[in-house]
Amino acid sequence: MTDTVTYYSWPYYEPYEWTIRSRETHFYNSAKLDTLIKSEILDSSNEKWIPANLKGSVYDESFNRVTSYMKTWNTSSGKWIEMERDSARYDEYNNLVYEVNYEVNNKYKLERKNFHYYYYSRLNTGLENIKEATNESLMRCWTEKGRLHLVNTRGAEFVSIYALDGRLVVNRRLNQQDASFELPQGMYLVILGPERIKVLVP
């Protein structure tokens, strides 16, 4: 699954017209999460696209981002050079417990810059709301044995629910209404409009 975003610029001299400047191609996995963003710049002299940046992400089976990176195109060598890399680890309840950041040095080698450990006084087990509900939230949900309950607080939106293996198990339009879904035990990714949350159905 891919889509492309094209960027235009307005010149300060004649001819005054919008011209294409650059574009981004987004690649998604089955859960509609970005796995790769490729940026390119248009060379107006020959109408060819020149590579600029690559931003990639790797997810685990629970849709947690475990690795992300950014590469830039070196026109002299004709190769991608990795400039940044982030890695993360999660506990059995998908709480972030460790993350580390690497940046390139003056010898174009990655070196560790920052790292963090996270500790929780009250672990999120997934049995309660993963995302705190606010007045601006599109949805609120909770789980009980074999069932997911969802409240849509805004207008009509499609709700999509994915299993860990990427299977789409629910795809339904909600017209500002409550919904309840019977699901096998396991972890799921719930998507409603721009919001994404992970829930555990016991």
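**Note on the salt bridges**

1. The model is a predicted one, in which local features need pLDDT of at least 70 and side-chain atom pairs count only at pLDDT 80 or more, while totals for chains, interfaces and linings use all residues. Residues are numbered from 1 along each chain as its sequence is written, and side-chain values use heavy atoms, with hydrogens and water left out.

2. Searching the whole structure gives four salt bridges, where the term stands for a side-chain nitrogen of Lys or Arg within 4 Å of a carboxyl oxygen of Asp or Glu. Among them is the pair of Arg23 and Glu40, at 2.7 Å from N to O. Because Arg23 lies in strand β2 (residues 19–28) and Glu40 in strand β3 (residues 34–43), this pair ties together parts 17 residues apart in sequence; strands here are DSSP runs of E with at least two residues, numbered from the N terminus. Arg23 is partly exposed, at a relative accessible area of 24%.

3. Glu82 and Arg85 also meet through their side chains in a salt bridge, at 2.6 Å from N to O, and Arg85 is partly exposed at 26% relative accessibility.

4. Another salt bridge joins Glu182 to Arg147, with the closest N and O atoms 3.6 Å apart. Glu182 belongs to strand β13 (residues 178–182) and Arg147 to strand β10 (residues 147–152), so the pair ties together parts that are 35 residues apart in sequence. Glu182 is exposed at 64% relative accessibility, whereas Arg147 is partly exposed at 26%.

How values were computed:
Helices (H or I, at least four residues) and strands (E, at least two) are DSSP runs, numbered from the N terminus. Buried means under 20% relative accessible area, exposed over 50%, partly exposed in between (1.4 Å probe, protein chains only).
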